[in-house]
Amino acid sequence: MNKFLPSPRSLRRPKASLYIFIMVFLTACSSTQDDDTIEIHVAAASSMQDALRDLEKEIENDTENIDVVFQFGGSGSLQRQIEQGAPFDIFLSASEADFNALVEANKIKADQSEYLLTNDLALIQPAHTETPISAVEDLQKNNIDTIAIGTSESVPAGAFAKETLENMHVWGELEDKIVQARSVRQVLTYNEENSVDAGFVFVTDAVSSDQVEIVENVDPSLHTDILYSIGIVRDMEHTEEALEVYDYLVSDEAKDVYESYGYGGLEE
């Protein structure tokens with residue numbers, strides 16, 4: 001049985017009440033804006049939050065009368081929210097599968113979307129751990145009790161981690177040590193707090209914290225390619241303004257910021 005922190009039921013899947021809250025919150029935000037200001041809501045993978053927070057003011061300065069509102073979460077969870085009608089204008093996904101599901105569902109137009117960047121998966125441990133390890137294989141040691149990964153159904157980093165362990169034929173042996181998290185950032189937090197022995201996050205998350213150490217960059221041949229895609233959601237009210245924000249997020253200026261955070265695949 002997988003472990004959960006802090007509350008097993010709360011981490012298995014987003015509660016319906018959370019979804020309703022997000023819908024009401026986004027609608028309420030839209031209704032309270034000045035007449036001249038238009039909110040563009042961007043659903044983005046949790047692993048992108050540092051880079052996108054850096055870009056937020058630059059986007060608003062570069063576009064006229066647009067307020068960019070980011071909602072970060074697991075790409076699978078955000079994909080389902082968009083599928084169910086959540087009023088997001090743009091989707092930036094860390095999962096190619098979740099993104100393509102919306103294209104196939106006709107929620108995102110293929111000609112208003114593109115592959116944006118890549119990332120790598122890393123095994124991390126708390127910086128002040130009392131059970132240091134040096135490779136993924138060390139997770140099988142008896143003194144390693146807890147390994148945090150994102151819920152594989154909704155968190156891409158968790159899905160890549162599970163795929164890696166399955167391809168190494170150790171998932172069955174390690175499954176009882178797994179502590180599931182709602183996002184890759186929660187995995188990072190568990191390790192920063194020394195609440196677990198190890199965890200899997202993207203490299204860009206790992207290097208953002210001095211409270212964790214990278215044990216090993218995972219061999220990319222052990223999992224599906226990590227590809228981030230971005231697209232405009234169909235039939236939203238402010239398509240023209242969404243296109244302005246989209247153009248900025250895929251611009252060379254934005255790609256310089258992504259590269260500074262360690263993302264790859266940005267060559268022309």
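Trainee: Is Tyr115 buried, partly exposed or exposed?

Mentor: Good place to start! Bear in mind that this is a predicted model. A residue counts as partly exposed when its relative accessible area falls between the buried limit of 20% and the exposed limit of 50%. Tyr115 has 40% relative accessibility, so it counts as partly exposed. You will find Tyr115 in strand S5, which covers residues 108–118.

Trainee: How far apart are Tyr115 and Glu96, in sequence and in space?

Mentor: Along the chain, 19 residues separate Tyr115 from Glu96, while their C-alpha atoms are 8.7 Å apart.

Trainee: Let me turn to charges. How many salt bridges does a search of the whole structure find?

Mentor: The search finds 5. To read one, look for a side-chain nitrogen of Lys or Arg within 4 Å of a carboxyl oxygen of Asp or Glu.

Trainee: Why are Arg53 and Glu56 separated by about one helical turn?

Mentor: Here is the general idea: an α-helix has 3.6 residues a turn, so residues three or four places apart point the same way. In this structure, Arg53 and Glu56 are 3 residues apart in helix H3, so about one helical turn separates them. As for accessibility, Arg53 is partly exposed at 43%, whereas Glu56 is buried at 18%.

Trainee: Which residue forms a salt bridge with Lys57?

Mentor: That is Glu60, with a distance of 4.0 Å from N to O. Both Glu60 and Lys57 belong to helix H3, and they too are 3 residues apart, about one turn of the helix. Glu60 counts as buried, with 18% relative accessibility, but Lys57 is exposed, with 57%.

Trainee: Which residue forms a salt bridge with Asp205?

Mentor: Arg185 does, and the closest N and O atoms are 2.7 Å apart. This pair links distant parts of the chain: Asp205 sits in helix H9 (residues 203–206) and Arg185 in helix H8 (residues 184–192), 20 residues apart. Both Asp205 and Arg185 are buried. Asp50 joins Arg185 and Asp205 in a network of salt bridges.

Trainee: Why is H8 described as largely enclosed by the rest of the structure?

Mentor: To judge a helix, look at how its residues are classed. In H8, 7 of the 9 residues are buried, so the rest of the structure largely encloses this helix. Among the buried residues of H8 are Val187, Leu188 and Tyr190. Just after H8 comes Asn194, where phi is positive, about 60°.

Trainee: And the surface? Which helix gives the most to the negative patch?

Mentor: Helix H11 does, with 4 residues. A patch like this gathers like charges on the surface; its members here include Asp54, Glu114, Glu240 and Asp252. Asp54 lies in helix H3, and its relative accessible area of 41% makes it partly exposed.

Trainee: One last thing: where does UniProt place the feature "coiled-coil region"?

Mentor: The UniProt record, an unreviewed entry, puts that feature at residues 38–65. In the model, this span is 50% helix and 29% strand, and its end C-alpha atoms lie 6 Å apart. When you read such a record, remember that annotations may be inferred rather than shown by experiment.

Key: Residues numbered from 1 in each chain as written. Predicted model: local features only at pLDDT ≥ 70, side-chain atom pairs only at ≥ 80, totals over all residues. Heavy atoms only, no water. Helix = DSSP H or I, 4+ residues; strand = E, 2+ residues; numbered from the N terminus. Patch = residues over 30% accessible without salt bridge, like charges linked within 9 Å, V, L, I, M, F, W, Y side chains within 5 Å. Areas by Shrake-Rupley, 256 points an atom, 1.4 Å probe, with all protein chains shown as cover. Lys, Arg positive; Asp, Glu negative; His and termini not counted. Charge placed at Lys NZ, Arg CZ, Asp CG, Glu CD. Buried < 20%, exposed > 50% of the residue type's maximum accessible area, 1.4 Å probe, protein only.
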